[in-house]
Amino acid sequence: MFKWLEKNLPKIVMAPAVGLIGWFVYGFVLWTLYISFTNSKILPKYELWGFGQYEKLWASRKWLISVDNLLIFTALFLIFCIVIGIILAIFLDQKIRAEGVLRTIYLYPMALSFIVTGTAWKWILNPTLGIQKMFIDWGFENFTFDWLVNREMAIYTIVIAGVWQSAGFVMALFLAGLRSVEDEIVKAAKIDGAGLFTVYWRILLPMMRPVFFTSFVILVHISIKSYDLIVALTQGGPGISTTMPALFMTQAAFHKSQVGLSAASAMMMFMAVAAVIIPYLYSELRRENAR
Amino acid sequence: MQDNLKSSSYQQLEQKSKYTNMFLRWFLYFVLILFASYFIFPLYVMVVTSLKTMEEIRQGTLLSWPSGLNFDSWAVAWGGRGYGAGDTFLKPYFWNSIKMVVPAVFFSTLIGAMTGYVLTKWRFKGDSWVFLFLLFGCFIPFQAILLPMARTLGALGISNSIVGLVLVHTVYGIPFTTLFFRNYYVSVPTELVKAARIDGAGFFKIFFKILLPISAPIIVVTVIWQFTQIWNDFLFGSTFSFGEAAPIQVALNNMVLSSTSVKEYNVDMASAIIAGVPTLIVYVLAGKYFIRGLTSGAVKG
């Protein structure tokens with residue numbers, strides 16, 4: 001008995017983690033998948049109902065708006081975070097004085113919750129007392145900035161706040177990437193007469209391909225899951241103009257008693273994330289095994 | 001003579017490139033400082049707004065300096081106004097968050113350390129699949145587990161309680177803590193462990209005598225990561241708790257959204273700062289470890 005215990009101790013120690021994740025991640029996802037094929041309303045029902053919920057989902061105007069918003073947000077969020085992140089990383093890489101202080105400033109939003117920063121942005125962007133008033137008081141009398149309460153533009157306020165929160169993270173990733181390149185490569189290129197611009201554009205940035213890939217995956221992942229920021233900033237409004245899939249899911253599940261429909265929307269989100277993550281994990285593991 | 005000419009034109013060229021370089025340098029600093037002000041702007045606005053009276057807010061602009069250090073709205077945000085119904089303030093929820101964060105960070109870190117240890121030093125057949133199995137948990141969108149989690153917490157009788165939130169955060173922290181410890185222990189030479197095993201040291205003795213003493217950096221990274229994630233969580237907090245059991249982010253959101261007659265932005269900003277200050281302090285004091293957590297394996301939830 002003691003021998004057996006000693007021999008299997010490592011596996012026994014592993015058991016809680018594997019058990020918990022097996023139940024609370026895989027088991028729960030399967031349960032949600034099953035429920036998405038039933039006609040559950042307030043309470044889960046277990047009779048299968050086919051793809052009805054998915055048909056309902058894709059016929060729902062609110063869901064289509066959520067998906068539209070997600071695409072707009074993801075595209076802009078990706079572009080701005082990556083461009084700003086790269087610019088900051090390259091500029092910081094030029095033996096800048098006070099680099100530490102600047103880096104700390106660029107990255108501190110990552111330490112704050114979206115609720116905290118959303119509260120701040122909501123106040124800054126509100127038309128009555130925020131930025132709009134500031135410019136009017138400065139003498140720009142016709143200045144208007146009412147994106148937060150404008151159906152067409154409200155989604156872009158979420159982009160502004162989201163980019164502000166996450167661009168520093170991309171900067172950190174790229175800075176770490178650039179710092180890991182050996183000096184010799186840059187020196188050799190400079191001896192061959194390459195200017196600074198050429199060194200970055202032709203040599204260093206192409207070497208950053210894995211960092212691009214990582215940033216892409218992580219940013220897409222953040223944007224698919226974005227929920228807190230929208231709740232804090234617009235709550236999906238004005239109307240439903242800034243609703244997103246994560247918000248759609250929780251509202252259907254906990255406010256509208258559409259358990260089956262919310263499960264279907266959750267599974268759509270799950271599949272979107274899986275489509276990005278599985279190739280990523282696969283390539284990461286391959287890289288690690290190749291080492 | 002010719003030599004002289006050559007060198008003077010060379011000097012000219014050098015002079016020119018010196019000026020371009022100087023210009024470039026200035027441009028560099030200009031852009032960097034411009035972005036720094038964009039990043040610092042909301043924090044600045046939060047702080048000055050929290051120190052103003054509502055009268056000052058209506059008359060001044062976002063950027064205007066407060067007339068004095070007026071901490072009244074901080075006091076209201078933290079402890080309320082002292083009358084009964086409708087007087088929401090952050091103090092009890094701040095403690096809720098502490099009571100939730102401490103055990104959740106402790107348990108998830110402990111489990112992560114153990115699994116990371118086994119996965120690297122007591123390898124078994126199929127262990128890399130087990131790691132992948134756990135790792136995938138970092139990425140699932142939590143919407144896919146919210147419904148069954150709500151039912152499970154209800155069945156266990158811990159819905160709308162801090163115990164329930166501790167359980168949720170512990171479980172969904174395990175993939176990250178495992179990843180951190182596993183990646184750290186991978187770089188510890190296995191020979192050390194093998195030698196200790198030959199000397200007859202057992203599973204726990206090796207952990208406590210060999211691995212734990214060198215684990216300080218990764219423990220710091222993991223604790224900071226988990227602390228920040230759990231403190232800042234809103235999805236779980238708002239789904240699985242309400243009323244008195246809510247953590248601070250949920251309370252903050254409720255406070256800001258509550259539609260009392262007059263919107264008090266100074267109190268809102270003070271509340272937001274109170275809710276953000278713990279993680280901000282940790283970030284400023286231990287930024288190095290925070291960044292290591294962020295970029296560690298470049299996995300971020």
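Trainee: Which residues of helix 1 of chain A and helix 7 of chain B meet each other?
Mentor: Please keep in mind throughout that this is a predicted model. The axes of helix 1 (residues 2–35) of chain A and helix 7 (residues 162–185) of chain B come within 9 Å. From helix 7 of chain B the contact takes B:Val171, B:Ile174, B:Pro175 and B:Thr178, and from helix 1 of chain A it takes A:Ala17, A:Leu20, A:Ile21 and A:Phe24.

Trainee: How are helix 1 of chain A and helix 7 of chain B oriented to each other, and which hand does their crossing have?
Mentor: Two packed helices are described by the angle between their axes and by the distance between those axes. The crossing of helix 1 of chain A and helix 7 of chain B is left-handed.

Trainee: How many nonpolar, polar and charged residues does the contact of helix 1 of chain A with helix 7 of chain B have?
Mentor: The residues in question include A:Phe24 on helix 1 of chain A and B:Thr178 on helix 7 of chain B. Sorted by class, the contact of these two helices has no charged residues, one polar and seven nonpolar.

Trainee: Which residues of helix 5 and helix 7 of chain B make the contact between those two helices?
Mentor: Helix 5 (residues 127–135) of chain B packs on helix 7 of chain B at an angle of about 135 degrees, with the axes 8 Å apart, and that makes the two helices oblique to each other. On the side of helix 7 of chain B the contact is made by B:Ile174, B:Pro175, B:Thr178, B:Leu179 and B:Arg182, and on the side of helix 5 of chain B by B:Phe131, B:Leu134 and B:Leu135.

Trainee: How do the residues of the contact of helix 5 of chain B with helix 7 of chain B divide by class?
Mentor: One of the residues that helix 7 of chain B brings to this contact is B:Arg182. The residues of the contact of helix 5 with helix 7 of chain B divide into one charged, one polar and six nonpolar.

Trainee: Turning to chain B and its contact with chain A, which helix of chain B gives the most to the side that touches chain A?
Mentor: Chain B has 14 helices and zero strands, and 68 residues of chain B are in contact with 77 residues of chain A. With eleven residues, the element that gives the most to the side of chain B that touches chain A is helix 1 (residues 2–50) of chain B. By class, that side of chain B has three charged, 15 polar and 50 nonpolar residues, and the name you asked for is helix 1 of chain B.

Trainee: How many residues does each domain of chain B give to the contact between domain 1 and domain 2?
Mentor: The domain assignment of chain B gives domain 1 (2–70) and domain 2 (91–298), and 38 Å separate the centres of the two, taken over C-alpha atoms. The contact takes seven residues from domain 2 of chain B and eight from domain 1 of chain B.

Trainee: Is A:Met208 buried or exposed?
Mentor: A:Met208 lies in the loop between helix 9 (196–207) and helix 10 (209–225) of chain A, and, leaving aside residues up to four places away in sequence, A:Met208 touches A:Phe174 and A:Gly177. A residue counts as buried if 20 or more other C-beta atoms lie within 10 Å of its own. A:Met208 has 20 other C-beta atoms within 10 Å and is therefore buried.

Trainee: What is the phi of B:Asn160, and where is this residue found?
Mentor: B:Asn160 counts as partly exposed, with 15 C-beta neighbours inside 10 Å. B:Asn160 is not a glycine, yet its phi is positive, at about 50 degrees. The place of B:Asn160 is the loop between helix 6 (143–155) and helix 7 of chain B.

Note on methods. Residues are numbered from 1 along each chain as its sequence is written. Chains are lettered from A and ligands numbered from 1 in the order in which they are written. This is a predicted model: local features need pLDDT of at least 70, side-chain atom pairs count only at pLDDT 80 or more; totals for chains, interfaces and linings use all residues. Helices (H or I, at least four residues) and strands (E, at least two) are DSSP runs, numbered from the N terminus. Ala, Val, Leu, Ile, Met, Phe, Trp, Tyr, Cys and Pro count as nonpolar, Asp, Glu, Lys and Arg as charged, and the others, Gly among them, as polar. Domain bounds come from an automatic or database domain assignment. Axes are lines fitted to C-alpha atoms, for helices over the stretch in contact, and angles run from 0 to 180 degrees between N-to-C directions. A crossing is left-handed if the near helix is turned anticlockwise from the far one by less than a right angle, and right-handed if clockwise. A residue is buried if 20 or more other C-beta atoms lie within 10 Å of its own, exposed if 12 or fewer, and partly exposed in between; C-beta atoms are placed from the backbone. Angles under 35 degrees count as roughly parallel, over 145 as roughly antiparallel, 65 to 115 as roughly perpendicular and the rest as oblique.
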